[in-house]
Amino acid sequence: MAAGSRGKYKTKHYYTILDYIKSKPTKHYTAAEIDAAFSGKDKNIGTATVYRNLERMVEEGILTKYYIDKDSAAYYQYLDPESHAPKGTCYHLRCEVCGKLVHLHCKEVDEFKDHMLREHSFHLDPMRTVFYGICDECAGIKKIQIV
């Protein structure tokens, strides 16, 4: 292996992890969830390998990594060039009942971001902006009236 190319080789584990994440491109994963998916399976991918490859994919721009709050684990999501928002923009909705995380990209949110800067001199961080509320499914189950 040539000097400087160490660590650039992509292993079958790298592609196995990437294929798993790409199979549900709108899902957000923690490293622990991905590790659990391969734990005890015939693929035999170790925890360190999962973490190392996730970080590499983030560095390569294949995945985005973000934290919902200071107490949560990091979440990873595939950056599908066909359907994902432009790099650097990744708003989310989080259900306070079930914890579901939904990717959000629409021009109204971008307009709100521009408004916050223009009118309030405040820069929103789209990679860390999460809107909290209750998803339709939980609102129906809990019979919660949303006002």
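A: From the N terminus on, the elements of the protein chain run α-β-α-α-β-β-β-β-α-β-α, which comes to 5 helices and 6 strands. Helices (H or I, at least four residues) and strands (E, at least two) are DSSP runs numbered from the N terminus. The model is predicted, so local features need pLDDT of at least 70 and side-chain atom pairs count only at pLDDT 80 or more, while totals for chains, interfaces and linings use all residues. Residues are numbered from 1 along each chain as its sequence is written, and side-chain values use heavy atoms, with hydrogens and water left out.

Of the 147 residues in the protein chain, 35% are buried, meaning under 20% relative accessible area with a 1.4 Å probe and protein chains only (exposed is over 50%, partly exposed in between).

I17 shows how the pieces meet. Not counting residues up to four places away in sequence, I17 touches I34, F38, I45, T49, V50, N53, L54 and M57, where contact means heavy atoms within 4.5 Å.

Y14 is also placed in helix 1. At 1% relative accessibility, Y14 counts as buried. With residues up to four places away in sequence again left out, Y14 touches N53, R56, M57, E60 and I62. Y14 and N53 are 39 residues apart in sequence, yet their C-alpha atoms are 5.9 Å apart. Both I17 and Y14 therefore list N53 and M57 among the residues they touch under the 4.5 Å contact definition.

Three strands form an open sheet in the order 1-3-2, with antiparallel pairing; two strands pair if DSSP finds at least two bridges between them. Strand 1 (29–30) and strand 2 (63–67) stand at the edges with a single partner strand each, so one side of each has no neighbour in the sheet. Strand 2 and strand 3 run antiparallel and are joined by 5 bridges, and Y67 stands opposite A74 in strand 3.

Helix 1 lies across strand 1, strand 2 and strand 3, at about 85° to strand 3. Helix 3 lies across strand 2 and strand 3, at about 105° to strand 2. These angles run from 0 to 180 degrees between N-to-C directions, with axes fitted to C-alpha atoms, for helices over the stretch in contact.

At the level of the chain, 52% of contacts between residues at least 6 apart in sequence join residues at least 24 apart.
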